[in-house]
Amino acid sequence: MVQVRPRRLRTTPAMRRLVREIEVRPSQLVLPMFVAEHGADISSMPGVRRHDLDGLKRAAESAVAAGVGGLMLFGVPEDDDKDNFGSQGWAEDGILQRGLSAVREAVGDETVVMADTCLDEFTTHGHCGFVLEDGRVDNDATVVAYTEMALAQAAAGAHVVAPSGMMDGQVAAIRAGLDGAGFEDVSILAYAAKYASSFYGPFREAVTSTLQGDRKTYQQDPANRREGVREAALDLNEGADMVMVKPAGYYLDVLADVAAIADVPVAAYQVSGEHAMIEAAAERGWIERRRAVEESVTAIVRAGADIVLTYWAEEMAGWLK
Ligand code: PBG
């Protein structure tokens, strides 16, 4: 028998380039951004900031110049602006709406401006919806609030709204609301398979939120793969234009499964904890930062993501140029 030698195709950089199966494009990278009344660094997320409105505009321009495909905005209200319902989430002058307008003013249609449609940043208790007296999160009342929120975001200039609260029926309700108000062209990127993950830890610092209890009654159990596909199929059925899997790196099986059934673009969110782990290990000299960043994003695209949300979007777009 002749020795089979796959190594022949790895002999030189040129050969490896020739046979490379996938390549990450800057235009498929989306940069998550935080907007607040006052700018600040986020200690658990090196290189990531909460921007004030002026800082946000400058940062958006810089990311667009680097070639990123989109921006995903999160609003961080002052503590005084939080309440039980998260009403600043849909207020016309809420911080996220002002951030969306500012970004559209700065970059127009040069990139795709997305908004996280969820209440956890805006509620005192940190849950993604209305909490009943017995502690349960009220699905159907919350979905009504999400629809209001999506309308406020669309009015402020979002090209895409991204419901991330994992309430049942949220995509259908938001679609009907948008269409009814003349926003037929605003897209929905559904956080379809979203797991109750420890890797959102640094995000809580980023949005100055403390969570009472946990979210296991609405976010998914990390043990469930088939259920991730079911969630994506439901969102597709409700009219999602794109579906997302989150977190990304530890859920590549779910991502591959969702990519196999979806007839729309599939996104994956490399979340704050995935970012923080690589940054922390690199800071200690335990891994090579740039290689680890590139490898982690490449793996997500290889598994089936058409779009990757990553806090390294701008930096990586720069490397890829
Ligand atoms: C919900 C939302 C969260 C993230 C994105 N959208 C927080 C959560 O569900 O706990 C997490 C992103 C990250 O960790 O980077 N508003």
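A word on conventions. The model is predicted: local features need pLDDT of at least 70, side-chain atom pairs count only at pLDDT 80 or more, and totals for chains, interfaces and linings use all residues. Residues are numbered from 1 along each chain as its sequence is written.

Overall build. The chain has 11 helices and 10 strands; these are DSSP runs, H or I of at least four residues for helices, E of at least two for strands, numbered from the N terminus. Of the 321 residues, 50% are buried, meaning 20 or more other C-beta atoms, placed from the backbone, lie within 10 Å of the residue's own. The C-alpha atoms fill a box of roughly 70 × 40 × 40 Å along the principal axes.

Now helix α4, residues 139-156. Its 18 residues reach 26 Å from first C-alpha to last, close to the expected 26 Å, which is 1.5 Å times one less than the number of residues. Its buried residues include Val 143, Tyr 146, Met 149 and Gln 153. The buried residues of α4 pack against α3, β5, β6 and α5. Gly 157 follows α4, with a positive phi near 120°.

Last, Glu 231. What does UniProt list it for? The unreviewed entry gives "binding site"; such annotations may be inferred rather than shown by experiment, and positions use the numbering here, with feature names shortened. Glu 231 sits in helix α7, residues 226-237. It is buried, with 23 other C-beta atoms within 10 Å. Beyond neighbours within four places in sequence, Glu 231 contacts Ala 192, Ala 193 and Gln 220, contact being backbone-placed C-beta atoms within 7 Å.

Key
A residue is buried if 20 or more other C-beta atoms lie within 10 Å of its own, exposed if 12 or fewer, and partly exposed in between; C-beta atoms are placed from the backbone. Two residues are in contact if their C-beta atoms, placed from the backbone, lie within 7 Å.
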